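Visitor: I would like to go through this model with you. Could we begin with the aromatic rings?

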Amino acid sequence: MTKATKIVTIIGARPQFVKAAVVSQALNRAGMFEEIIVHTGQHYDENLSEIFFAELGIPEPAYHLGVGSGTHAVQTARMLEAIEGLLIRENPQAVLIYGDTNSTLAGALAAAKLRIPIAHVEAGLRSQNRDMPEEINRIVADHLSALLFAPTTGAVAQLQKEGISMANICLVGDVMYDAALTYGSRSDAVSRVIETFTLRDSEYALCTVHRAENTDDESRLRAIIEVLNNVARKLPVILPLHPRTLSALKRIGLDRSVGEGIRLLPPLGYLDIIALQKNAAVIITDSGGVQKEAFFYRVPCVTLRNETEWKELVDLGWNRLADLNDVTGSIRTILESIGRSGIQDVEPYGRGDAADKIVQILSQRISAQVCVSN
Ligand code: UD1
């Protein structure tokens, strides 16, 4: 019997669980991999972590590093130390990392120093804004990776512009689209969130806010609440709160300014958030993943940022950026988005087979031993 190819998957934050779920299933289907899942513990609350493993059917992690929260340096350093130890012990043929979190960065650094080939899922994304910690993580992860799985043609072009060889870049589409196709209908069958909150189809706005640039900047957070309070005069606003956002609101006493039309919810599991997305009149967000999910379910989206790494959605008319320095303009942008469609019949994120493509490339490159480090 041939020996299975050993892959270590490093994940730690909510969006990574969604991405890894579909790739993990594809690895399993291929029947030639031994996947060792490592949960860094960056996210540890039940609603940010365990619920995703349960709903998405992700196998129990072989390692749980329990690093928890901290400054960027502290959190990343704790992960680095633990990941190095387990990589030495496991000696895998490749390390799989996802997206742009501190868990991605730590996985990339630890593997690169041990000269273990890195495969980066969601490579080539750039906001061109280095004030975002995620932008730093993306750049480092991409430049240390041997295999760069790009979700879009724009991401491929960006990597080439940065001097990365086309031999290392693979355009595969977006694994989040695979996840939307896999779990979208399951959400209809399982989620009761619409009934629980007595919501009516297309008669509410869904909002998510968690980015440091919004939560840690008092004037931007004030502007967001002012915008949402105004939108809530026209239609209810559903606002599931990331713990970072809740504590920021409390810290500056803004929780008392949240008006009646805004319903604050705890963070939700994947199937509930999909149900809320699908039925919303408009989605207001600062999350990268939610911008794309809005498009997958063809719901207009307004992004509470000055730029986005998912530029194609702006070009296609499905997403609009709101300038929070202009509260009146932001309210107008949101209300005008309701009922608007962008360009239909486009597939900027592939055909929902990104995970299978990734696994096929991994099997070819690793067995041919051409998965060389950059
Ligand atoms: C991280 C990612 C971000 C991603 C997001 C998804 C980085 C730099 N950022 O941001 O790209 O979009 O995850 O949600 O990696 N906290 C809890 N419980 C938890 C986890 C966090 O209460 O389970 C609170 C803590 O106060 C913590 C804060 O949230 O300090 C921020 O958590 P952190 O993991 O640093 O970043 P996120 O904001 O979640």
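**Aromatic pairs and the sheet**

Guide: The count comes to 10 aromatic pairs, where rings of Phe, Tyr and Trp (its six-membered ring) pair if their centres lie within 6.5 Å; planes under 30 degrees apart count as stacked, over 60 as edge-to-face and the rest as tilted. This is a predicted model, in which local features need pLDDT of at least 70, side-chain atom pairs count only at pLDDT 80 or more, and totals for chains, interfaces and linings use all residues. Residues are numbered from 1 along each chain as its sequence is written, and side-chain values use heavy atoms, with hydrogens and water left out.

Visitor: Why is the pair of Tyr 177 and Phe 296 tilted?

Guide: The ring planes of Tyr 177 and Phe 296 are at 35 degrees, with the centres 4.9 Å apart, so the pair counts as tilted.

Visitor: Which helices hold Tyr 177 and Phe 296?

Guide: Tyr 177 is in helix H7 (residues 175-190) and Phe 296 in helix H13 (residues 288-296), so the pair ties together parts that are 119 residues apart in sequence. Helices (H or I, at least four residues) and strands (E, at least two) are DSSP runs, numbered from the N terminus.

Visitor: Is Phe 296 buried or exposed?

Guide: Phe 296 is buried, at 12% relative accessibility. Buried means under 20% relative accessible area, exposed over 50%, and partly exposed in between (1.4 Å probe, protein chains only).

Visitor: Which residues form the aromatic cluster?

Guide: One aromatic cluster is formed by Tyr 177, Phe 295, Phe 296, Trp 310, Trp 318 and Tyr 349. The charged end of Arg 298 sits over the ring of Phe 295, 4.1 Å from its centre; this requires NZ of Lys or CZ of Arg within 6 Å of the ring centre and within 35 degrees of the ring normal. Arg 298 also lies over the face of Trp 318, at 5.7 Å from the ring centre.

Visitor: Turning to the sheet, in what order do the strands run?

Guide: The open sheet has 6 strands in the order S10-S9-S8-S11-S12-S13, with parallel pairing. Two strands pair if DSSP finds at least two bridges between them.

Visitor: Which are the edge strands?

Guide: Strand S10 (262-265) and strand S13 (319-321) are the edge strands, each pairing on one side only.

Visitor: Lastly, where is Val 22 found?

Guide: Val 22 is in helix H1 (residues 14-30), and Val 22 counts as buried at 3% relative accessibility. The C-alpha atoms of Val 22 and Ala 354 are separated by 9.0 Å, although these residues are 332 residues apart along the chain.
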